Amino acid sequence: MDRRTSLIVREVCRLIIPAVMLFALYVQFHGEYGPGGGFQAGVIFAAAVILYALVHGRQKAQQILPTNTVVRFIVAGILLYAGVGVTTMVMGGNFLDYDVLLHGHQQAQHLGIFLIELGVGITVGAVMIAIFYTLDEFSE
């Protein structure tokens, strides 16, 4: 039986994929307090998209998240990361010197780390999805 027509696989994935995406958000937003962060959250989110593509087909996944959108997310994540570093330099600090972002060391560090980890998460997730899309195209 083809994996794309299995009712059991589709229904289980319909329940699992939103939970995996929610867990990716949890790892992203609580990464500075415990294990996790941008890289792990990006991989978890990409795994949910890849699971959807494996169950429903890459073409259907690309209708929801087209390749050009994935490329835009890659660029946006890199620009966010680099933008934080350049902003700190423009504000008179060193590259990624978060203390110049806000008054107060703790708040500045929290904002800087959050933005950097968000950039990493977006980039890693989008790159993983792009790699899957590319490899799946060649497997046909």
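Helix α4, in a model that is predicted rather than determined by experiment, comprises 24 residues and spans 34 Å from its first C-alpha to its last, close to the 34 Å expected at 1.5 Å a residue, where the expected span is 1.5 Å times one less than the number of residues. Helices here are DSSP runs of H or I with at least four residues, numbered from the N terminus. Within α4, the residues Val70, Ile74, Gly77, Val84, Gly85 and Thr88 are buried, a term that denotes under 20% relative accessible area, with exposed meaning over 50% and partly exposed lying in between, for a 1.4 Å probe and protein chains only. The cover over these buried residues of α4 includes α5, and contact is taken as heavy atoms within 4.5 Å. One of the buried residues, Thr88, has a relative accessibility of 0% and, when residues up to four places away in sequence are not counted, touches Gly93, Asn94, Phe95, Leu96, Asp97, Tyr98, Val100 and Leu101. After α4 comes Gly92, which has a positive phi near 105 degrees.

Residues are numbered from 1 along each chain as its sequence is written, and side-chain values rest on heavy atoms, with hydrogens and water left out. Local features are reported at pLDDT of at least 70 and side-chain atom pairs only at pLDDT 80 or more, whereas totals for chains, interfaces and linings use all residues.

The largest pocket holds about 430 Å³ of space. A pocket is defined on a 1 Å grid over the protein atoms alone, as an open set of points where a 1.4 Å probe fits, with protein on both sides within 12 Å along at least five of seven lines, and its lining residues have an atom within 4 Å of a point; the volume is the space filled by probe spheres set on the points, which are joined across faces, edges and corners. The lining consists of 21 residues, of which Phe45, Gly121, Ile122, Gly125 and Ile129 are the closest to the centre of the pocket. At least two lining residues come from each of α1 (7–29), α2 (38–56), α3 (58–64), α4 (67–90) and α5 (105–138), and α5 provides the largest share, with six residues. By class, 17 lining residues are nonpolar, four are polar and none is charged, where Ala, Val, Leu, Ile, Met, Phe, Trp, Tyr, Cys and Pro count as nonpolar, Asp, Glu, Lys and Arg as charged, and the others, including Gly, as polar.

Gly121 belongs to helix α5 and is buried at 10% relative accessibility. Apart from neighbours within four places in sequence, Gly121 is in contact with Gln28, Gly38 and Gly42.

Two salt bridges were counted, each requiring a side-chain nitrogen of Lys or Arg within 4 Å of a carboxyl oxygen of Asp or Glu. In one of them, the side chains of Glu11 and Arg14 meet at 2.9 Å, N to O; these residues lie three apart in helix α1 and are therefore separated by about one helical turn. Glu11 is partly exposed at 33% relative accessibility, whereas Arg14 is exposed at 55%. A salt bridge also joins Arg58 and Asp136, with the closest N and O atoms 2.9 Å apart, and this pair links distant parts of the chain, Arg58 in helix α3 and Asp136 in helix α5, 78 residues apart. Both partners are buried, Arg58 with a relative accessible area of 6% and Asp136 with one of 14%.
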